Amino acid sequence: MTTQTFKTYPNAPGDWSPELAQQHAKSENLELTDDHWEEIATLQEYYAKHERVNLRELSDALDERFHDRGGKKYLFSLFPGGPIAQGCRLAGLEMPRGALDQGFGSVV
């Protein structure tokens, strides 16, 4: 298990916990690193700030946040099931409509 840079998740859904995310990740054969936790926190923050989730805007925000590490390409290496689709599942968030489109963050 790795250390978590993000110890608190102020924007997390009420029924979510880091332990629950760990369980889901394990069932998806993922070991969560600090960068996974950073994306989870970023997704939760985005959802908290936006009444309506715009898939393209969310994708661009994630790409910008992780740009120095390779952007979307890097995020796909972290979340092989898609940085948005798989990331939202682990963050306890509802996937935005269209998130299962291969071009927007999931592998079909």
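Start by selecting Gln86, which sits in helix H5, residues 85-91. Keep in mind that the model is predicted. Colour by accessibility and Gln86 shows as buried, because its relative accessible area is 4%, under the 20% cut-off.

Next, show the side chain of Gln86 together with Gly81. A polar atom of that side chain lies 2.8 Å from the backbone nitrogen of Gly81. Then display the surroundings: beyond its neighbours within four places in sequence, Gln86 contacts Glu28, Leu30, Phe79, Pro80 and Gly81.

Now select helix H2, residues 34-49. Twelve of the 16 residues in H2 are buried, so the helix is mostly covered. Among them are Asp35, His36, Trp37, Glu38, Glu39 and Ile40.

Move on to the largest nonpolar core, which has 25 residues. Select Leu32, Trp37, Ile40, Leu43, Leu58, Ile84 and Leu90, the members that touch the most others. H1, H2, H3, H4 and H5 each give two or more residues to this core. H2 supplies the largest share, six residues.

Finish on Leu90. Leaving out residues up to four places away in sequence, Leu90 touches Trp16, Ala21, His24, Ala25, Glu28, Leu30, Leu32, Ile40 and Phe79. Glu28, Leu30 and Phe79 are also among the contacts of Gln86.

Methods
Residues are numbered from 1 along each chain as its sequence is written. This is a predicted model: local features need pLDDT of at least 70, side-chain atom pairs count only at pLDDT 80 or more; totals for chains, interfaces and linings use all residues. Side-chain values use heavy atoms; hydrogens and water are left out. Helices (H or I, at least four residues) and strands (E, at least two) are DSSP runs, numbered from the N terminus. Buried means under 20% relative accessible area, exposed over 50%, partly exposed in between (1.4 Å probe, protein chains only). A polar contact is a pair of N or O atoms within 3.5 Å; within protein, one must be able to donate a hydrogen and the other to accept it, and residues adjacent in sequence count only if both atoms are side-chain atoms. Contact means heavy atoms within 4.5 Å. The expected span of a helix is 1.5 Å times one less than its number of residues. A nonpolar core is a set of buried Ala, Val, Leu, Ile, Met, Phe, Trp, Tyr and Cys residues joined through side-chain atoms within 4.5 Å.
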